[in-house]
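Trainee: Could we go through this model together? I would like to begin with the helices and then turn to the sheet.
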Amino acid sequence: MTQSFSQLSLSPLLERAVAEMGYENMTPIQAQAIPVVLQGRDVMGAAQTGTGKTAAFTLPLLQRMMKHDNASTSPARHPVRALVLLPTRELADQVAEQVRLYAKYTNLRSTVVFGGMDMKPQTAELKKGVEVLVATPGRLLDHIEAKNCVLNQVEYVVLDEADRMLDIGFLPDLQRILSFLPRQRTTLLFSATFSPEIKRLANSYLQDPVTIEVARSNATASTVEQHFYRVDDDDKRPVLKQILKERGLKQAFVFVNSKLGCARLARSLEREGLNTTALHGDKSQDERLKALEAFKSGAVDLLVCTDVAARGLDIKDVPAVFNFDIPFNAEDYVHRIGRTGRAGASGLAVSFVSGRDARLMGDLEKLLGKKLELEALELEADKRPAGRFNDGQRAWQQPDAGREERDIRESRGSRPERESRAPVGRPARAPRAPADPLFDKPYESSLAAEVTPAWESAQKQPTSRVSPNIKTRKKLPALFKSAPTPEPENG
Ligand code: AMP
């Protein structure tokens, strides 16, 4: 049963902001979480991004803080009362923007602090006094140490994307931050999964929480059309271009597993005339925000990104998501394809599966609880990269191909990207010199606006050898049988 916001008896100032955003009915996470938070209970919530979870915690917190609403200019009258912690800068920025919009008719102030930006403007904002502080853990600790903010009046804490914060290695930072807060407070924890680590975190910091689970973390939206194509590594780029063109796709996310792979792919696509930008953790904060803005505004057609950089970003109406690499963590698949098919719109999720991905696909099948059909897709004849393998002679049939793959994986680093505060894993081996010296340079997007995507304006291509559409449908295990034993994940 749909429930409308009017049933909540929110302050008219908040109701007005909600109405202005065009929302009448609550999403399931909102319908379940808002009344509980209004009662002052702790919450442990499992909800996918795109479910409306930001409003689910922001609105009741603002409502409860309305008793402190005052127009005084004195910073002392605006102490930090709510702290929202997130793993990445982009997410923090996005949540802060939503908080600002929901609080716009109140006198409650909010700001955001994250790393990679000058501390001075953030310090000035903090010194003016803010009721809602949105932050990434590392930069918040910097501000605490610099005595730019005092957290002894905090009444509400939100740990958003908590699983990802633990993945990144933020646990010690979180523990330190939480040690500065009053014990008497409301704590809300949102996570894609309730892993044992998350449960331990909740046991330590939440009091008698209400558990809310609106959609299983492994659920993928039914509005997303999902395809898994068997594609050799060397063919992934031409296949990507072919699908973009055939489907007439205007914009897409393209996910890769490593920062270096992300920069390389973005650079290659850009060189091939596609209007592309990259989003990964090695880019400066300014570059990341610009890349995001360019994609959001439609100035850029393809956003090539890594998981950490893109997790939870609220970019709506992306018609397609490509998994150029199958994610190392199966759960990231759910997050990735959550970028498309949002709010009931239909979306397309295409994953490229190479012979080495058998184990990752197995993990994915386990998580999604269903068999995944692996489809074959024929590449148009002239699209195969020059000097590559002939048809029928796949990468893994070349005598040295396996070694090349391993080398590439090692030079990329075999682990998913980590933010700067992440604990250092095993030392990486010296990277192999890339074949193309351009790959040594950091990626720079031209961000040039194009009216039509390059793949649409490209000249008509000769017809494919065989129809480019899906050819055969075989069960996944059957197809993997012909592939060699997959390389171990860590090379
Ligand atoms: P979130 O999961 O918080 O990232 O929200 C995903 C998107 O849903 C955001 O663009 C929100 O603005 C939007 N949204 C939040 N609440 C509602 C609602 N009740 N109805 C429709 N859209 C909403």
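Trainee: At what angle do the axes of helix 14 and helix 15 cross?
Mentor: Please note that this is a predicted model. The axes of helix 14, residues 330-337, and helix 15, residues 358-368, cross at roughly 70 degrees and come within 8 Å. Angles of 65 to 115 degrees count as roughly perpendicular, and the two helices are therefore roughly perpendicular to each other.
Trainee: Is the crossing of helix 14 with helix 15 left-handed or right-handed?
Mentor: Helix 14 passes helix 15 in a right-handed crossing.
Trainee: And which residues meet there?
Mentor: Helix 14 contributes Ala330, Glu331 and Tyr333, which meet Asp363, Leu364 and Leu367 of helix 15. By class, the residues of this contact are four nonpolar and two charged, with no polar ones.
Trainee: Turning to the sheet, what is the order of its strands?
Mentor: The order is 3-4-2-5-6-1-7 in an open sheet of seven strands, with parallel pairing. Strand 3 (110-113) and strand 7 (210-213) are at the edges with a single partner strand each, so one side of each has no neighbour in the sheet. On average, neighbouring strands are turned by 15 degrees against each other, direction ignored.
Trainee: How many bridges link strand 1 and strand 7?
Mentor: Strand 1, residues 43-46, pairs with strand 7 over four bridges in the parallel sense. Methionine 44 stands opposite threonine 211 of strand 7.
Trainee: Which strands does helix 6 lie across?
Mentor: Helix 6, residues 137-145, lies across strand 2 (82-85), strand 3 and strand 4 (132-135). Relative to strand 3, helix 6 runs at about 105 degrees.

Technical notes:
Residues numbered from 1 in each chain as written. Predicted model: local features only at pLDDT ≥ 70, side-chain atom pairs only at ≥ 80, totals over all residues. Axes fitted to C-alpha atoms, helices over the stretch in contact; angles between N-to-C directions. Parallel < 35°, antiparallel > 145°, perpendicular 65-115°, else oblique. Left-handed = near helix turned anticlockwise from the far one by under 90°. Contact = placed C-beta atoms within 7 Å. Nonpolar A, V, L, I, M, F, W, Y, C, P; charged D, E, K, R; others polar. Pairing = 2+ DSSP bridges.
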